[in-house]
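This briefing concerns a single protein chain and the packing of its secondary structure elements. Please consult the sequence and the model shown below alongside the points that follow.

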Amino acid sequence: MSLEALKESLASCASLSTVLLFMTGMFTANKILKRKTVGDDSYAPFITGLLSCSLWLRYGTLIEDPTITLVNTVGAFLHFSYLSIYIFHSKSKVGIIKQLTPALLCLLMVLFYTYYLEDNIDVAKFYVGLIASAVTIAFFAAPMTKLMHVIRYRSVECLPFPMIAASFLVSAQWLLYGFILNDPFITVPNSLGCFLSFVQLMLFYIYPSTPDGARREYVIPLSP
């Protein structure tokens, strides 16, 4: 198989698996729609996803990569929809909008700034790629904040195994795609994504079952 053929096959697989990963947000959105309240669910995954997809969408257009552009167009639309559902059913709409405003303003500033750098495309690629990579790394590392809880209670109840496993597979595919493109902004965050996801998966091997004591102490479930 030629490198170009491998690239096309990998692009198709990575695109499909990434969109399916994005669509997992439908489960949370559907819960919110059914109970007509956000409950204990957090909007953090939705805003993080929206920011990440918007930045990668812009990066895809800058490097003229249709795969990255298409996948993140779908992702940005889905996460915007999830976030809209969350805000609509939240009791503190104004408060949430106030919290989201700085992040959205920063996103708009970055996007508009890159349009003024059209004459210096390499600089635009660098800044957008750097920021998009940082947001992606933060997304992959988010479940690691629960590491101390897992070790303390010797329980992996608070870790979303399907999401972590899916993140590992998706980041592995984009890592290979980044190697083919020879693009460090794709390879670096996804290599870290593979590593962090692998570490979290190993916790399920180390703590395969939940002790009864851990179940008793674990009162407030953490959002995935």
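**Briefing on the predicted model**

Leaving aside neighbours within four places in sequence, Tyr-86 is in contact (heavy atoms within 4.5 Å) with Ile-32, Val-38, Asp-41, Ser-42, Tyr-43, Phe-46 and Ile-96. The model is predicted, with local features requiring pLDDT of at least 70 and side-chain atom pairs counting only at pLDDT 80 or more, while totals for chains, interfaces and linings use all residues. Residues are numbered from 1 along each chain as its sequence is written, and side-chain values use heavy atoms, with hydrogens and water left out.

**Overall organisation**

- The protein comprises ten helices and zero strands; helices (H or I, at least four residues) and strands (E, at least two) are DSSP runs, numbered from the N terminus.
- Along the sequence, the pattern reads α-α-α-α-α-α-α-α-α-α.
- Of the 224 residues, 43% count as buried, where buried means under 20% relative accessible area, exposed means over 50%, and partly exposed lies in between (1.4 Å probe, protein chains only).
- Considering contacts between residues at least 6 apart in sequence, 78% join residues at least 24 apart.

**Nonpolar cores**

- A nonpolar core is a set of buried Ala, Val, Leu, Ile, Met, Phe, Trp, Tyr and Cys residues joined through side-chain atoms within 4.5 Å.
- The largest nonpolar core has 41 residues, and those with the most contacts inside it are Tyr-43, Ile-47, Leu-83, Tyr-86, Leu-100 and Trp-174.
- Two or more residues of this core come from each of α1 (3-23), α2 (25-35), α3, α4, α5 (93-115), α6 (121-141), α8 (161-181) and α9 (184-206).
- Helix α3 gives the most to this core, with nine residues.
- Another core, of ten residues, lies apart from the largest one and includes Val-156, Cys-158, Leu-159 and Leu-201.

**Packing of α3 against α4**

- Two packed helices are described by the angle between their axes and the distance between the axes.
- Helix α3 (residues 44-62) and helix α4 (residues 66-89) pack at an angle of about 155 degrees, with their axes 8 Å apart; axes are lines fitted to C-alpha atoms, for helices over the stretch in contact, and angles run from 0 to 180 degrees between N-to-C directions.
- The two helices α3 and α4 are therefore roughly antiparallel to each other; angles under 35 degrees count as roughly parallel, over 145 as roughly antiparallel, 65 to 115 as roughly perpendicular and the rest as oblique.
- The crossing of α3 and α4 is left-handed, a term that applies if the near helix is turned anticlockwise from the far one by less than a right angle, with right-handed used if clockwise.
- Residues of α3 that meet α4 include Ile-47, Leu-50, Trp-56 and Leu-57, and those of α4 that meet α3 include Ile-68, Phe-80, Leu-83 and Tyr-86.
- By class, the contact of α3 with α4 has 13 nonpolar, nine polar and no charged residues; Ala, Val, Leu, Ile, Met, Phe, Trp, Tyr, Cys and Pro count as nonpolar, Asp, Glu, Lys and Arg as charged, and the others, Gly among them, as polar.

**Packing of α2 against α4**

- Helices α2 and α4 pack at an angle of about 25 degrees, with their axes 10 Å apart.
- That angle makes α2 roughly parallel to α4.
- The crossing of α2 and α4 is left-handed.
- In α2, the residues Gly-25, Met-26, Ala-29, Ile-32 and Leu-33 meet Leu-78, Tyr-82, Ile-85, Tyr-86 and His-89 of α4.
- By class, the contact of α2 with α4 has eight nonpolar, two polar and no charged residues.

- Leu-10 belongs to helix α1 and is buried, with a relative accessible area of 12%.
- The C-alpha atoms of Leu-10 and Tyr-177 are separated by 6.6 Å, although these residues are 167 residues apart along the chain.
- Beyond neighbours within four places in sequence, Leu-10 is in contact with Gln-173, Leu-176, Tyr-177 and Ile-180.
- Leu-104 belongs to helix α5 and is partly exposed, with a relative accessible area of 30%.
- Leu-104 and Leu-51 are 53 residues apart along the chain, and their C-alpha atoms are separated by 7.7 Å.
- Beyond neighbours within four places in sequence, Leu-104 is in contact with Ile-47 and Leu-50.

**Loop residues with positive phi**

- Glu-64, in the loop between α3 and α4, has a positive phi of about 55 degrees although it is not a glycine.
- Glu-64 counts as exposed, at 69% relative accessibility.
- Asn-182, in the loop between α8 and α9, has a positive phi of about 55 degrees and is likewise not a glycine.
- Asn-182 counts as exposed, at 68% relative accessibility.
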